[in-house]
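Here are a few exercises to work through with the model open beside you. Try each task before reading the solution.

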Amino acid sequence: MKAKILNHPLIEHKLAILRDKKTGTKEFREIASEIAMFLCYEATRDARLEEVEIETPIEKMKAKKLDEDQYAFVPILRAGTGMLDGLTNVIPNAKIGHIGLYRNEETLEPVKYYYKVPKDIQNREVMILDPMLATGGSALDAISMIKKEGVKKIKFLCIIAAPEGIARIEKEYPDVEIYAAALDRELNDKGYIMPGLGDAGDRIFGTK
């Protein structure tokens, strides 16, 4: 398994709060955003930097800056938008797209209802966002849509992943890097991650 799982005491602490069914909507939303920021930090370790000249209060120097225009963030609606603030806090000038998918509760397969991405997305590194990587169906559909745009570099960022979802992406799209804050045990017979944290979308938006 090539997926990169964050392994840090602070992440473990944040996840414990996120998983707790007693955690309210406001705190859940804030922590999901914070964890997304950590995921972005890990996912940009290979970022290309440009050398520029700046002047400190003491002297001129050569420094390195990130070209923020090389990135696009694409959350899978609706839960993926709960991660978006965390990434835009780090790279505020990245372009943003949206992919609308929902899961058919009988077949567990994703159904597409919305798609809008930046016109020049093929020139950017794309990070697809979804808090939960469960069966992998929505992730595979989103990756397929972005690849059809001609995008060469795609990363998938999630808060919690199941082994089944990771295996499907790595089989179908071995070039896509996966970043997760936690790898959970398995899926239950309804396709939910165990032990998981419930329905991320409902908990982010307070709809249940």
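**Exercise 1: A charged network**

Asp46, Glu125, Lys153 and Lys155 are joined up in a network of salt bridges. Keep in mind that you're looking at a predicted model.

Task: Take the salt bridge between lysine 155 and glutamate 125. Work out which strands the two residues sit in, and whether they are buried or exposed.

Solution: 
- Start with the distance: the side chains of lysine 155 and glutamate 125 come to 3.2 Å, N to O. A salt bridge needs the nitrogen within 4 Å of the carboxyl oxygen, so this pair counts.
- Lysine 155 belongs to strand 10 (residues 154–161) and glutamate 125 to strand 8 (residues 125–129). They are 30 residues apart, so the pair links distant parts of the chain.
- Last, check accessibility: lysine 155 and glutamate 125 are both buried.

**Exercise 2: Two more pairs**

Task: The structure holds 13 salt bridges. For the ones joining arginine 124 to aspartate 120 and glutamate 186 to arginine 185, sort each partner into buried, partly exposed or exposed.

Solution: 
- Recall the cut-offs: buried is under 20% relative accessible area, exposed is over 50%, and partly exposed lies in between.
- Begin with arginine 124 and aspartate 120, whose closest N and O atoms are 3.0 Å apart. Arginine 124 has 7% relative accessibility, so file it under buried. Aspartate 120 comes in at 30%, which means partly exposed.
- Now turn to glutamate 186 and arginine 185, with their closest N and O atoms 3.3 Å apart. Glutamate 186 has a relative accessible area of 36%, so it goes down as partly exposed. Arginine 185, at 52%, therefore counts as exposed.

**Exercise 3: A helix pair**

Task: Describe how helix 4 (residues 137–148) packs with helix 5 (residues 163–172). Which residues meet?

Solution: 
- Get the geometry down. The axes of helix 4 and helix 5 are 9 Å apart, at an angle of about 30 degrees.
- Angles under 35 degrees count as roughly parallel, so helix 4 and helix 5 are roughly parallel to each other.
- Now list who touches whom. Helix 4 brings Gly137, Ala139, Leu140 and Ile143, and these meet Arg168, Ile169 and Glu172 of helix 5.
- Sort the contact residues by type and you get four nonpolar, one polar and two charged.

Key
Residues are numbered from 1 along each chain as its sequence is written. This is a predicted model: local features need pLDDT of at least 70, side-chain atom pairs count only at pLDDT 80 or more; totals for chains, interfaces and linings use all residues. Side-chain values use heavy atoms; hydrogens and water are left out. Axes are lines fitted to C-alpha atoms, for helices over the stretch in contact, and angles run from 0 to 180 degrees between N-to-C directions. Helices (H or I, at least four residues) and strands (E, at least two) are DSSP runs, numbered from the N terminus. Angles under 35 degrees count as roughly parallel, over 145 as roughly antiparallel, 65 to 115 as roughly perpendicular and the rest as oblique. Contact means heavy atoms within 4.5 Å. Ala, Val, Leu, Ile, Met, Phe, Trp, Tyr, Cys and Pro count as nonpolar, Asp, Glu, Lys and Arg as charged, and the others, Gly among them, as polar. Buried means under 20% relative accessible area, exposed over 50%, partly exposed in between (1.4 Å probe, protein chains only).
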